Amino acid sequence: MGRNLIIPGGTRVIDATGKLVLPGGIDPHTHLELEMMGAKTADDFYTGTRAAVAGGTTTVIDFVLPQKGQSLIEAYNHWREKADSKVCCDYALHVGVTWWSPAVAKEMQQLCSEEYGVNSFKMFMAYKDTWMLDDYHLYIAMETCKQLGALPMVHAENGHIIARNTEKLLAAGKTDPEGHELSRDEEVEAEAVNRACVIANQANSPLYIVHMMSRSAVKALENARPRQKQPVYGETLAATVGTDGSHYRNACFRHAAGHVMSPPLRPDPDTPQAMLEALADDCVQLIGSDNCTFHEKDKAKGHGDFSKIPNGVNGVEDRMSILWQKGVNTGIMDPCRFVSVTSATAARVFNLWPRKGRVCVGADADLVVWDPRLQRTISAARHAHAVDFNIFEGQNVVGSPQYVVVNGRVCFDDGDLRVVEGFGKFVKTPVMSPYVYGGEAPKARTPEPHAPSPRLDLPTRVTNGTPTPTSELQLVSKQLADSALSSGCSTPTGRKMREPGQRDLQNSTFSISKELEGPETKTSVRVRNPPGGKSSGLW
């Protein structure tokens, strides 16, 4: 990355004129090759990371979930064995704390060492009798995280209320998938969010609340944040902003069950808009996918008893496109905020910055050439997942990856997915993240009035060496050397892409791409042998 780079003969050149060059997405919440509720996820570490790359995500953070009484180290090693030979992109691991004893605390300390490279632990306030911790042990687990410089993560729902509501609904004959949402409404989520914040404050610990799904939950977080001694981060999902809970009332069991997840999608049709605004205003800081797909035959185990439907939906492939369509194209957030919530903030929170989440010298060559005008219709018939159902089925999105580069290798090539099983690697997440333990707590911000975003108007060219699986990538980009887009910073502005009719400087009379390629200015991929081995462009 830089100016006047020496480009070897035979170097492949990707013309990114009219596109945006972004850091590869980081999905902070996936469940690949997970066994739960008597079923195993359809997406393993190969198909799941394959789908991630197709959508512009180049790093996923999955969850090690030990069974009650199981060694955390044993579970961690099992996840590494499942993943290392299959992943198509880099991955890291959170570890679940699903039971408590002094041995668990000792193993948490081991996992935080350089040998294992874990800096986050997830506790459940739901899933009674399986993964749920009571408040006493949740408090101790948070204290332990604080002592270790790790980040406690919480699934915030009141498990006892859910268990009792489920008993009552089934007894009353309410057995269809809608019963799932009725058993755990917004109030049940909001109560747990507030309680998690109280416990974290008593433990003087930072906190990360996963998959926030409702306006009530966000309101509880906003109310708690001013009194917190340590930062509290909120995460929402592509499913939350891309669809809603009306699907639970669908007469087709397959369709309704295909949307079952926890916390559930909300029936309030205003929820997606509210969650998008929370992301834009920094009330919520990150967006994940909670990708946890199940085949139809597994979802069917809950026919006649909604409590037996395996919880989980897709999302790792469509996360970035859905957010761009719903957030950027509507003017709710600008491209810089998009980068922040899809990659940069996750890199900072989990101490991967600036190796991940940024376009800069020294960072991993994980890049997305994003075409803001590329139109496609989401469909299970065309996605890269191993499941034949997609909760975003039929949605038209404008804005998707054209090229995705993973560790210097073009793995998504103008629509052609070219991943390599086992090409990705495990990435350690060191404790004492400066962003978490040295930064200020997030505070809700008031967005500025909508106005067109300043555009990045200089042509951008991305080059990599002779295209082999191990080639290094060079980024030749005057516009992104230290831009806000690379840092993922910028106060949210609510600004959007160029309005129709507004002058597009990409088509101005001054065009480097025209000088190099002749009259055609469309995006092209070609092999060049520049005279003298140097770029003939003005960089």
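Let me begin with a term: a residue counts as buried when its relative accessible area is under 20%, as exposed when the area is over 50%, and as partly exposed in between, using a 1.4 Å probe and protein chains only. By that rule Asn-4, with a relative accessible area of 62%, is exposed. What we are looking at is a predicted model, in which local features need pLDDT of at least 70 and side-chain atom pairs count only at pLDDT 80 or more, while totals for chains, interfaces and linings use all residues. Residues are numbered from 1 along each chain as its sequence is written, and side-chain values use heavy atoms, with hydrogens and water left out.

Now to the strand β7, residues 90–96: how many of its seven residues are buried? The answer is seven of seven, with Asp-90, Ala-92, His-94 and Gly-96 on one side and Tyr-91, Leu-93 and Val-95 on the other. In a regular strand the side chains alternate between the two faces of the sheet.

What does β7 pair with? Two strands pair if DSSP finds at least two bridges between them, and β6 (residues 57–64) pairs with β7 in the parallel sense over six bridges, with Ile-61 bridged to Ala-92 in β7. β7 also pairs with β8 (residues 120–124), again in the parallel sense, over two bridges, and here Gly-96 has Lys-122 in β8 as its bridge partner.

β6, helix α2 (residues 72–83) and β7 make a right-handed β-α-β unit, and so do β7, helix α3 (residues 102–111) and β8; right-handed means that, with the strands pointing away from the viewer, the path from the first strand over the helix to the second runs clockwise.

Lastly, please find α11, where eight of the 10 residues are buried, so this helix is largely enclosed by the rest of the structure. Just after α11, Asp-282 takes a positive phi of about 70 degrees. In the loop between α10 (253–257) and α11 (271–280) you will find Pro-263, and the peptide bond from Ser-262 to Pro-263 is cis, with omega near -10 degrees.

Key. Helices (H or I, at least four residues) and strands (E, at least two) are DSSP runs, numbered from the N terminus.
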